[in-house]
Amino acid sequence: MRTATTPAGNMTRMTSLDILRLFSALAVLFFHYLYRGAQTDKSFLATGYPELAEYGIYGSYGVTLFFIISGFVISWSAEGRSFAQFAIARFARLYPGYLACMTLTCLFILGFGMAPFETGLANYLANLTMVAPAFGQPFMDGVYWTIIMEVIFYGWVALAVLSGVFGRWKFELAAGWLVLCIANQVYVESGLLKFVFITNYGPYFIAGVLLQHMLARGVKLEAVLLFAACFLQSFQPLFAGQQGMLALYGSALSDGQIYATNTAVFVLALAAIAVRDHIPPSPWLIALGGLTYPLYLLHHNAGFVALNHLSPV
């Protein structure tokens, strides 16, 4: 498996990943609008679409697909870069867009919001840090928890780049992280480890790292086996969360549906890599990929408020 590289050692843009990002964002949007918003208490949408909820529920897996893509892209971005180059690139990619979308959400909710979507100056200031709950404030938008997962992942990669071990020991670091994920999910069950090392979602990030590793350095048996282990371990938190879905929403995917949907997530990630050379970059595809981040950040709280104002009820 080979691909073109830039002088910095990074691979050329993969339009197939832009398409996959957009698909992931739309999947999450459909989950929120067609499943979460269809709950009977109408706390999110005044008018829900319960007849579509059985389809919308699958959209929650857009988040896990995002995490695989992120593992791949961040590993790609770190390859051949210094700590400063990596940190600046990640900050420029993440924070300005976050700040703009968070501010727009705040202004929209201030102008048009209603319970439970409300905000104020203290909430806005806390959200400038991206870790609002640490200051006793809720996230400006319900999807920001995933951004925290991303930031933690970025932080660990940045430390590995700074220490000089990322390029040399990427595979070993991935293997050690997966062992930690398995140990905490199955035996230790520490909330601190779960948060600091993202042990629930680690297998998805690690799978993405391994895909980039194999693409850049060749497919080897140990990497394939570790990728397979990520796939198998990724089911454990999904089944653990099944009861939480039932308690929170009154419905959840069956065991068979979980097996099928999570398998589809990994197949889609593999397919995007496999067809990378068959989807040439084009301005409109790149633009769609660029719209994914703001779409994801703006669709939840502001989206629910907008839909409620448009609702005939």
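These legends go with a set of close-up views of a predicted model.

**View 1. The largest pocket and the helices around it.**
Here we look into the largest pocket, which holds about 920 Å³ of space. Its lining counts 33 residues, and Phe 31, Ser 60, Trp 145, Tyr 201 and Met 245 sit closest to the centre. Five helices put at least two residues each into this lining: α1 (15-35), α3 (61-78), α6 (144-162), α8 (191-196) and α11 (235-249). The top contributor to the largest pocket is α11, with eight residues. Sorted by class, the lining of the largest pocket comes out as 21 nonpolar, ten polar and two charged residues.

**View 2. The second largest pocket, with arginines by its centre.**
This one has a volume of about 740 Å³. There are 31 residues in the lining of the second largest pocket, and those nearest its centre are Arg 21, Val 73, Arg 90, Arg 93 and Tyr 154. For the second largest pocket it is α3 that has the largest share, at nine residues. The class tally for this lining is 16 nonpolar, eight polar and seven charged.

How many cavities of 30 Å³ or more does the model have? The count is one, and the largest cavity holds about 30 Å³ of space. Around the largest cavity are Leu 17, Leu 20, Ile 68, Ile 69, Phe 72, Leu 211, Ala 269 and Ile 273. Helices α1, α3 and α12 (255-274) each bring two or more residues to that lining, with α3 giving the most, three residues.

**View 3. His 299, buried in a loop.**
His 299 belongs to the loop between α13 and α14 (301-310). Is His 299 buried or exposed? It is buried, because its relative accessible area is 4%, below the 20% cut-off. A polar atom of the His 299 side chain is 2.8 Å from the backbone oxygen of Tyr 296. Setting aside neighbours within four places in sequence, the contacts of His 299 are Val 28, Leu 29, His 32, Tyr 33, Val 143 and Phe 304.

**View 4. Cysteines without disulfides.**
The disulfide count for this model is zero. Take Cys 101: it is in no disulfide, and the nearest cysteine sulfur, in Cys 106, is 13 Å away. Cys 101 is buried too, with 6% relative accessible area.

**View 5. Ala 126 and its surroundings.**
Ala 126 is part of helix α5 (residues 121-127). With 6% relative accessibility, Ala 126 is buried. Once neighbours within four places in sequence are set aside, Ala 126 is in contact with Val 131, Ala 132, Phe 135 and Gln 137. The C-alpha atoms of Ala 126 and Pro 138 are 8.5 Å apart, and twelve residues separate the pair along the chain.

As background, most residues other than glycine have a negative phi, and most peptide bonds are trans. The peptide bond from Ala 115 to Pro 116 is cis, with omega near 5°, and Pro 116 is in the loop between α4 and α5. Met 130, which is not a glycine, has a positive phi of about 75°. Met 130 is in the loop between α5 and α6 and is buried, at 11% relative accessibility. Glu 189 also has a positive phi, near 55°, in the loop between α7 (166-188) and α8. Glu 189 is exposed, with 61% relative accessible area.

Definitions and conventions
Residues are numbered from 1 along each chain as its sequence is written. This is a predicted model: local features need pLDDT of at least 70, side-chain atom pairs count only at pLDDT 80 or more; totals for chains, interfaces and linings use all residues. Side-chain values use heavy atoms; hydrogens and water are left out. On a 1 Å grid over the protein atoms alone, a cavity is a set of points where a 1.4 Å probe fits but cannot get out, and a pocket is an open set with protein on both sides within 12 Å along at least five of seven lines; lining residues have an atom within 4 Å of a point. Grid points are joined across faces, edges and corners, and a volume is the space filled by probe spheres set on the points. Helices (H or I, at least four residues) and strands (E, at least two) are DSSP runs, numbered from the N terminus. Ala, Val, Leu, Ile, Met, Phe, Trp, Tyr, Cys and Pro count as nonpolar, Asp, Glu, Lys and Arg as charged, and the others, Gly among them, as polar. Buried means under 20% relative accessible area, exposed over 50%, partly exposed in between (1.4 Å probe, protein chains only). A polar contact is a pair of N or O atoms within 3.5 Å; within protein, one must be able to donate a hydrogen and the other to accept it, and residues adjacent in sequence count only if both atoms are side-chain atoms. Contact means heavy atoms within 4.5 Å. A disulfide is a pair of cysteine sulfur atoms within 2.5 Å.
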